[in-house]
Amino acid sequence: MEIFLDTANVKEIRQGAKLGVVSGVTTNPSLLSKEGNADYEAVVKEICTIIPGPVSAEVVVEGAEAMIEQARKIAAWAPNVVIKIPATAEGLEVTSALAREKIKVNFTLCFSLNQALLGALAGAAFVSPFVGRLDDAGHDGMELVEDIVDVFDYYQLPTKVIAASIRHPEHCLAAAKAGAHIATVPYKVLMQMTKHPLTDVGVARFLSDWQGISRGKGK
Ligand code: E4P
(Lines give C-alpha, C1' and ligand atoms only; values in the text may rest on other atoms or scores of the structure.)
Protein backbone atom coordinates (compact mmCIF):
# COMPACT_ATOMS: atom_id res chain seq x y z
CA MET A 1 0.00 0.00 0.00
CA GLU A 2 1.28 3.45 -0.92
CA ILE A 3 1.10 6.44 1.41
CA PHE A 4 -0.12 9.85 0.25
CA LEU A 5 -0.15 12.94 2.48
CA ASP A 6 -3.57 14.49 2.99
CA THR A 7 -2.64 18.12 3.47
CA ALA A 8 -2.10 21.45 1.70
CA ASN A 9 0.63 22.45 4.15
CA VAL A 10 3.83 22.82 2.12
CA LYS A 11 6.06 22.60 5.20
CA GLU A 12 4.50 19.26 6.20
CA ILE A 13 4.85 17.97 2.64
CA ARG A 14 8.55 18.92 2.57
CA GLN A 15 9.08 17.17 5.93
CA GLY A 16 7.13 14.09 4.78
CA ALA A 17 9.06 13.93 1.50
CA LYS A 18 12.34 13.64 3.44
CA LEU A 19 11.16 10.33 4.92
CA GLY A 20 11.07 8.81 1.42
CA VAL A 21 7.73 7.06 1.97
CA VAL A 22 5.28 9.59 0.54
CA SER A 23 4.34 8.95 -3.08
CA GLY A 24 1.49 11.42 -3.56
CA VAL A 25 -0.61 14.19 -2.00
CA THR A 26 -4.32 14.88 -1.73
CA THR A 27 -5.66 18.35 -1.05
CA ASN A 28 -9.19 19.68 -0.78
CA PRO A 29 -10.73 23.15 -0.47
CA SER A 30 -11.02 22.81 3.34
CA LEU A 31 -7.35 21.87 3.70
CA LEU A 32 -6.35 24.80 1.46
CA SER A 33 -8.48 27.27 3.39
CA LYS A 34 -6.86 26.04 6.64
CA GLU A 35 -3.52 27.23 5.26
CA GLY A 36 -5.01 30.66 4.52
CA ASN A 37 -3.28 30.87 1.15
CA ALA A 38 -5.58 32.28 -1.51
CA ASP A 39 -3.23 31.45 -4.40
CA TYR A 40 -4.57 27.99 -5.25
CA GLU A 41 -2.49 27.64 -8.41
CA ALA A 42 0.78 28.60 -6.71
CA VAL A 43 0.28 26.15 -3.83
CA VAL A 44 -0.64 23.21 -6.07
CA LYS A 45 2.28 23.95 -8.40
CA GLU A 46 4.68 24.07 -5.44
CA ILE A 47 3.36 20.76 -4.04
CA CYS A 48 3.79 19.19 -7.49
CA THR A 49 7.48 20.14 -7.51
CA ILE A 50 8.06 18.60 -4.06
CA ILE A 51 6.24 15.31 -4.74
CA PRO A 52 6.60 13.91 -8.26
CA GLY A 53 3.70 11.45 -7.78
CA PRO A 54 -0.03 12.17 -8.10
CA VAL A 55 -1.19 15.42 -6.46
CA SER A 56 -4.98 15.74 -6.22
CA ALA A 57 -6.57 19.18 -6.52
CA GLU A 58 -10.32 19.60 -6.38
CA VAL A 59 -12.57 21.55 -8.74
CA VAL A 60 -14.27 24.41 -6.89
CA VAL A 61 -17.10 25.30 -9.24
CA GLU A 62 -20.55 23.84 -9.86
CA GLY A 63 -22.07 22.54 -13.07
CA ALA A 64 -20.58 19.95 -15.42
CA GLU A 65 -19.37 22.41 -18.06
CA ALA A 66 -17.74 24.73 -15.54
CA MET A 67 -16.10 21.76 -13.79
CA ILE A 68 -14.68 20.42 -17.06
CA GLU A 69 -13.35 23.84 -17.99
CA GLN A 70 -11.72 24.34 -14.58
CA ALA A 71 -10.37 20.78 -14.55
CA ARG A 72 -8.62 21.39 -17.88
CA LYS A 73 -6.97 24.52 -16.45
CA ILE A 74 -5.86 22.77 -13.23
CA ALA A 75 -4.56 19.79 -15.22
CA ALA A 76 -2.28 22.17 -17.14
CA TRP A 77 -0.60 23.39 -13.92
CA ALA A 78 1.70 20.35 -13.69
CA PRO A 79 2.02 16.92 -15.33
CA ASN A 80 1.33 15.09 -12.05
CA VAL A 81 -1.91 16.89 -11.12
CA VAL A 82 -4.98 14.70 -10.62
CA ILE A 83 -8.41 16.35 -10.62
CA LYS A 84 -10.74 15.65 -7.71
CA ILE A 85 -14.33 15.37 -8.86
CA PRO A 86 -17.21 14.76 -6.43
CA ALA A 87 -19.08 11.45 -6.64
CA THR A 88 -22.33 12.82 -8.08
CA ALA A 89 -24.20 12.22 -11.35
CA GLU A 90 -22.70 15.45 -12.67
CA GLY A 91 -19.33 14.26 -11.41
CA LEU A 92 -19.69 11.10 -13.51
CA GLU A 93 -20.35 13.16 -16.61
CA VAL A 94 -17.27 15.26 -15.87
CA THR A 95 -15.13 12.20 -15.05
CA SER A 96 -15.95 10.44 -18.31
CA ALA A 97 -15.32 13.61 -20.33
CA LEU A 98 -11.95 14.13 -18.62
CA ALA A 99 -11.02 10.44 -18.97
CA ARG A 100 -11.59 10.75 -22.73
CA GLU A 101 -9.07 13.61 -22.70
CA LYS A 102 -6.64 11.47 -20.65
CA ILE A 103 -6.95 13.78 -17.64
CA LYS A 104 -6.66 11.75 -14.44
CA VAL A 105 -9.56 11.94 -11.98
CA ASN A 106 -9.78 11.16 -8.28
CA PHE A 107 -13.50 10.42 -7.75
CA THR A 108 -13.88 11.86 -4.28
CA LEU A 109 -16.45 12.05 -1.47
CA CYS A 110 -17.29 8.42 -2.14
CA PHE A 111 -19.56 6.87 0.48
CA SER A 112 -20.96 3.78 -1.26
CA LEU A 113 -19.87 0.85 -3.38
CA ASN A 114 -22.24 1.95 -6.14
CA GLN A 115 -20.59 5.38 -6.32
CA ALA A 116 -17.14 3.77 -6.47
CA LEU A 117 -18.19 1.30 -9.18
CA LEU A 118 -19.72 4.07 -11.30
CA GLY A 119 -16.60 6.21 -10.85
CA ALA A 120 -14.43 3.34 -12.08
CA LEU A 121 -16.71 2.70 -15.05
CA ALA A 122 -16.56 6.39 -15.95
CA GLY A 123 -12.77 6.07 -16.14
CA ALA A 124 -11.58 7.56 -12.84
CA ALA A 125 -7.93 6.78 -12.10
CA PHE A 126 -8.69 6.78 -8.35
CA VAL A 127 -11.74 6.53 -6.11
CA SER A 128 -11.65 7.87 -2.55
CA PRO A 129 -13.92 6.26 0.03
CA PHE A 130 -14.04 8.55 3.10
CA VAL A 131 -13.51 6.14 5.98
CA GLY A 132 -13.49 8.53 8.97
CA ARG A 133 -16.60 10.42 7.89
CA LEU A 134 -18.48 7.11 7.49
CA ASP A 135 -17.31 6.00 10.94
CA ASP A 136 -18.52 9.35 12.33
CA ALA A 137 -21.96 8.66 10.84
CA GLY A 138 -22.14 5.29 12.61
CA HIS A 139 -21.09 3.08 9.67
CA ASP A 140 -18.02 0.90 9.19
CA GLY A 141 -15.90 2.95 6.78
CA MET A 142 -13.28 0.26 6.33
CA GLU A 143 -15.90 -2.29 5.29
CA LEU A 144 -16.59 -0.05 2.28
CA VAL A 145 -12.88 -0.03 1.38
CA GLU A 146 -12.82 -3.85 1.56
CA ASP A 147 -15.91 -4.12 -0.64
CA ILE A 148 -14.57 -1.73 -3.28
CA VAL A 149 -11.21 -3.54 -3.40
CA ASP A 150 -12.98 -6.91 -3.77
CA VAL A 151 -15.30 -5.73 -6.54
CA PHE A 152 -12.53 -3.94 -8.47
CA ASP A 153 -10.36 -7.08 -8.17
CA TYR A 154 -13.19 -9.35 -9.27
CA TYR A 155 -13.92 -7.29 -12.38
CA GLN A 156 -10.27 -6.38 -12.93
CA LEU A 157 -11.01 -2.66 -12.93
CA PRO A 158 -7.78 -0.63 -13.10
CA THR A 159 -9.04 2.19 -10.84
CA LYS A 160 -7.00 2.53 -7.63
CA VAL A 161 -8.65 2.72 -4.23
CA ILE A 162 -7.50 5.52 -1.92
CA ALA A 163 -8.57 5.04 1.70
CA ALA A 164 -9.31 8.66 2.63
CA SER A 165 -10.51 10.57 5.68
CA ILE A 166 -7.98 8.62 7.76
CA ARG A 167 -8.00 9.69 11.40
CA HIS A 168 -5.46 7.47 13.20
CA PRO A 169 -2.75 4.82 12.65
CA GLU A 170 -5.22 1.96 13.21
CA HIS A 171 -7.08 3.15 10.10
CA CYS A 172 -3.82 2.75 8.13
CA LEU A 173 -3.34 -0.82 9.35
CA ALA A 174 -6.91 -1.69 8.47
CA ALA A 175 -6.60 -0.04 5.03
CA ALA A 176 -3.48 -2.10 4.29
CA LYS A 177 -5.21 -5.31 5.42
CA ALA A 178 -8.26 -4.42 3.32
CA GLY A 179 -6.03 -4.20 0.23
CA ALA A 180 -6.37 -0.45 -0.39
CA HIS A 181 -3.84 0.61 -3.02
CA ILE A 182 -3.23 3.87 -1.17
CA ALA A 183 -3.98 5.46 2.21
CA THR A 184 -3.96 9.25 2.24
CA VAL A 185 -3.02 10.35 5.73
CA PRO A 186 -2.66 13.62 7.63
CA TYR A 187 0.95 14.47 8.54
CA LYS A 188 0.18 13.88 12.23
CA VAL A 189 -0.94 10.31 11.48
CA LEU A 190 2.16 9.66 9.36
CA MET A 191 4.34 10.67 12.31
CA GLN A 192 2.24 8.55 14.70
CA MET A 193 2.85 5.58 12.37
CA THR A 194 6.62 5.93 12.91
CA LYS A 195 6.34 5.68 16.70
CA HIS A 196 6.62 2.76 19.08
CA PRO A 197 7.47 3.27 22.77
CA LEU A 198 9.62 0.12 22.84
CA THR A 199 11.77 1.51 20.01
CA ASP A 200 12.36 4.70 22.03
CA VAL A 201 13.18 2.70 25.18
CA GLY A 202 15.49 0.42 23.16
CA VAL A 203 17.36 3.30 21.53
CA ALA A 204 17.84 5.04 24.91
CA ARG A 205 19.13 1.81 26.49
CA PHE A 206 21.56 1.05 23.64
CA LEU A 207 22.94 4.58 23.82
CA SER A 208 23.37 4.56 27.60
CA ASP A 209 25.02 1.08 27.53
CA TRP A 210 27.33 2.28 24.78
CA GLN A 211 28.24 5.39 26.77
CA GLY A 212 29.00 3.05 29.75
CA ILE A 213 31.52 1.10 27.63
CA SER A 214 33.07 4.33 26.30
CA ARG A 215 33.43 5.70 29.83
CA GLY A 216 35.01 2.39 30.95
CA LYS A 217 37.54 2.58 28.11
CA GLY A 218 38.43 6.12 29.12
CA LYS A 219 39.43 4.99 32.65
C1 E4P B 1 -9.22 13.00 0.82
O2 E4P B 1 -8.87 13.13 -0.34
C3 E4P B 1 -9.77 14.10 1.63
O4 E4P B 1 -9.00 15.26 1.43
C5 E4P B 1 -9.69 13.83 3.12
O6 E4P B 1 -9.19 12.54 3.39
C7 E4P B 1 -10.89 14.20 3.90
O8 E4P B 1 -10.67 13.91 5.26
P9 E4P B 1 -11.56 14.48 6.44
O10 E4P B 1 -12.81 13.67 6.52
O11 E4P B 1 -10.71 14.31 7.65
O12 E4P B 1 -11.84 15.93 6.11
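Which side chain meets that of lysine 45 in a salt bridge? I found glutamate 41, at 2.7 Å from N to O, taking a salt bridge as a side-chain nitrogen of Lys or Arg within 4 Å of a carboxyl oxygen of Asp or Glu.

I noted that this is a predicted model, in which local features need pLDDT of at least 70 and side-chain atom pairs count only at pLDDT 80 or more, while totals for chains, interfaces and linings use all residues. Residues are numbered from 1 along each chain as its sequence is written, and side-chain values use heavy atoms, with hydrogens and water left out.

By this rule I have 5 salt bridges in the count.

Lysine 45 and glutamate 41 sit 4 residues apart in helix α3 (residues 40–50), separated by about one helical turn; helices here are DSSP runs of H or I with at least four residues, strands are runs of E with at least two, and both are numbered from the N terminus. Lysine 45 is partly exposed at 35% relative accessible area, and glutamate 41 is partly exposed at 33% (buried is under 20%, exposed over 50%, partly exposed in between, with a 1.4 Å probe and protein chains only).

Next I looked at helix α4 (residues 64–75), where glutamate 69 and lysine 73 lie 4 residues apart, about one turn of the helix. Their side chains form a salt bridge at 3.9 Å, N to O; glutamate 69 is partly exposed at 47%, whereas lysine 73 is exposed at 53%.

Last, I checked glutamate 101, which forms a salt bridge with arginine 72, the closest N and O atoms being 2.7 Å apart. Glutamate 101 lies in the loop between α5 (89–100) and β5 (105–110) and arginine 72 in helix α4, so the pair ties together parts that are 29 residues apart in sequence. I recorded glutamate 101 as partly exposed at 35% and arginine 72 as partly exposed at 42%.
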